[in-house]
Amino acid sequence: MNKKKIANIPYGPYITVLAGACVNGKPNYTTIGAYGVVSQKPVLYISLKNTHHTTKGIQENGYFSVNIPSSELVEKTDYCGMVSGKTNDKSDVFESFYDEAGVAPMIKECPVNYLCKVIQTIPIFDFTMFLGEIVATYINEDCIENGRPDAAKVKPTILMDTGYYNIQTRVGTIFTACDGNKA
Ligand SMILES: Cc1cc2nc3c(=O)[nH]c(=O)nc-3n(C[C@H](O)[C@H](O)[C@H](O)COP(=O)(O)O)c2cc1C
């Protein structure tokens with residue numbers, strides 16, 4: 001296969017998630033691609049522009065949520081990435097629920113929800129990376145297969161360049177590619 005050298009733009013793919021925070025007493029959600037894990041510890045990071053409404057809420061309360069929308073929610077997901085809570089009240093776009101472990105709203109319609117307590121912030125360019133310890137995790141019961149979360153049922157939305165994509169099927173099982181002696 002021939003390779004083509006292209007512009008140094010972070011095209012992805014990334015999982016599209018909705019970061020949630022309580023801002024001025026109301027739930028607010030913003031769409032992000034900048035989300036992930038940093039180690040094997042139960043810690044997630046999100047990276048948000050300093051001027052976002054959601055950023056203000058996380059700084060005020062010290063908690064954020066990460067909500068994984070299924071690809072069926074793509075329109076609402078895109079909407080939350082286009083309008084700001086500063087000018088448009090987004091508190092009714094989704095139904096919110098809460099956990100006693102922390103002050104951040106989570107989205108009922110999203111099959112997976114993480115509630116995180118901020119443990120570190122890293123300023124980077126005009127963004128802030130929030131590292132948060134997971135203090136509560138929820139998953140829809142119908143997204144569990146043999147006692148484990150099943151991505152084919154969660155149906156996360158993949159973001160690459162200008163497009164949203166869904167995933168189709170499971171193609172393998174982790175740590176089964178070799179007998180353990182070669183790695
Ligand atoms: C697909 C997509 C991905 C985005 N990823 C990020 C991101 O990783 N970080 C970020 O700060 N903003 C990101 N944005 C932009 C925010 O979602 C957008 O500016 C939003 O309106 C901010 O809302 P708020 O002011 O209510 O927090 C993304 C938008 C879209 C549509």
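Modeller: The buried residues of helix 1 pack against strands 2, 3 (26-32), 5, 6, 9 and 10. The model is predicted, so local features need pLDDT of at least 70 and side-chain atom pairs pLDDT 80 or more, while totals for chains, interfaces and linings use all residues. Numbering starts from 1 along each chain as its sequence is written, and side-chain values use heavy atoms, leaving out hydrogens and water.

Colleague: Which residues of helix 1 are called buried, and what makes a residue buried?

Modeller: Buried means under 20% relative accessible area (1.4 Å probe, protein chains only; exposed is over 50%, partly exposed in between). In helix 1 (residues 53-61), His53, Thr54, Thr55, Gly57 and Ile58 are buried, so each falls under 20%.

Colleague: With which residues is Ile58 in contact, neighbours within four places in sequence aside?

Modeller: Contact means heavy atoms within 4.5 Å. Ile58 has such contacts with Ala21, Ile46, Leu48, Tyr63, Phe64, Val118 and Phe130.

Colleague: What makes a set of residues a nonpolar core?

Modeller: The set must consist of buried Ala, Val, Leu, Ile, Met, Phe, Trp, Tyr and Cys residues joined through side-chain atoms within 4.5 Å. The largest has 18 residues, with Ile32, Tyr35 and Ile58 among those with the most contacts inside it. A second, separate core of eight residues includes Leu18 and Cys80.

How values were computed. Helices (H or I, at least four residues) and strands (E, at least two) are DSSP runs, numbered from the N terminus.
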